[in-house]
Amino acid sequence: MNSEQDDLRELWLQENAGAVSPTKAPLPDAAAGRSETARLRRRVRLDGWMKLLVLLVLGAALPLLAGRMNAAAWAAVGFSLLGAVLGAAQLAWSSGWSGQNTPLPLAQGLASDLDSWRRRRPALALLLGATPALAFQIYVLAYLALNPGSSGKLVNLIFLVAGGPLLWLLASWRQWARLDAWLLQIESALAAFDEQAAARCKRARKRAGRRTTLIAALFLLLLLAGVVLYWLSR
Amino acid sequence: MGEVADRQRQEIYLDLVGRHGRIAPAVARLYTPPGEDAADLEQEIRLQWWRSLAGFCGRSKASTWMYQVALHTALTFQRRRHRRLRPDSLDHAENVPDPAPPPGGREDRRRSALHGALARLAPGERALAYLMLEGCGPEEVAEVAGISANAAGVRLHRIRARLKAMLAGKEEG
């Protein structure tokens, strides 16, 4: 160990002189994980419960639909059941995610995190993005079921055919981008140990910046299109 | 039977934290921007030690394993704040403001400058710098980081030179 390192180390030891090891450290509360993994798991579970909640809404809406079980009503029931199935699948899937650190050295541990979250990312983005789209689709179908005369209006048909799928695509893309921001953080940490990861990280950062702007612009455009269509139909 | 195993696990955990627990506040402070509370990350590190204890089979030194878990937790811990930042600002290296100079003497200023210089390193380099400052040799750094001892030596040399240059720049400034 040379003198300049000694000098740095001495400064470091002085800096951390106050940080003493607790002699009676309490056991940590296992339910209070604050890491991104723990937060993501909680978000996926909450989203799963929200999808299951649609069954309650459907139960409450059935008396209104009684005697009017037309195609739109059956489609609303179908989408509600699809939402419930997706919610249950989400809950089952997220319960299998391990909350503990991989017992590997940093470079291998970070690479393994990147790998497993990259594999989960497409399904996760599609599942989380499906919630607002399903809610919108069920709302439009329920409206058409209760007002059969409105089914012929072009604006309602556009909302029905394009609104839900477009919202699903955009919401899923936004979820993808959120996950990507976190994976980029891991990749930038990995770059210190792996030259290839450093190059990948640089390229990904450029792409991510452009994508964030594009998603925001498309959301705004979708909202504007909806408002204009609604206004024109009145 | 389960109770005995639980008690043993608690005893091992408390013993390890008693001996090396100072790693948690030091790493949490190193990865928390100036002016923000490091308590969340510190608690997460302790939680990960507790959860990962079953995976620690004693092949490496206890301190090596604790460094590994603490740094892995810090490197994958994302504060909510980051989501609102543009992705190109995730690499802290160029985006961290220098902390305000402390009111004390020259030594206080140098300590603060060291902390500021560490905050300007990229997250992965900061992990290597931390291990170096804790007195780990290239072999132990290589074991924690999962790279060869040669690569660890080269990176530590570069990091030391950068830290030294940043501190010298501060002193001249």
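**Burial and salt bridges**

Mentor: Of the 234 residues in chain A, 40% count as buried, where buried means under 20% relative accessible area, exposed over 50% and partly exposed in between, with a 1.4 Å probe and protein chains only. This is a predicted model, where local features need pLDDT of at least 70, side-chain atom pairs count only at pLDDT 80 or more, and totals for chains, interfaces and linings use all residues. Residues are numbered from 1 along each chain as its sequence is written, chains are lettered from A and ligands numbered from 1 in the order in which they are written, and side-chain values use heavy atoms, with hydrogens and water left out.

Trainee: How many helices and strands does chain A have?

Mentor: Chain A has six helices and zero strands. Helices (H or I, at least four residues) and strands (E, at least two) are DSSP runs, numbered from the N terminus.

Trainee: What does A:Lys51 form a salt bridge with?

Mentor: A:Asp47, with the closest N and O atoms 2.7 Å apart. Both lie in helix α2 (residues 36-65) of chain A, four residues apart, about one turn of the helix.

Trainee: Which residue does A:Arg118 pair with?

Mentor: A:Glu187, at 2.8 Å between the closest N and O atoms. That pair links distant parts of the chain, with A:Arg118 in helix α4 (residues 106-146) and A:Glu187 in helix α5 (residues 154-190), 69 residues apart. A:Glu187 is buried at 3%, while A:Arg118 is partly exposed at 33%.

Trainee: Switching to chain B: what does B:Glu134 meet in a salt bridge?

Mentor: B:Arg22, at 2.7 Å from N to O. B:Glu134 sits in the loop between α6 (123-133) and α7 of chain B, and B:Arg22 in the loop between α1 (2-20) and α2 (23-30), so the pair ties together parts 112 residues apart in sequence.

Note on methods. Salt bridge = Lys/Arg side-chain N within 4 Å of Asp/Glu carboxyl O.
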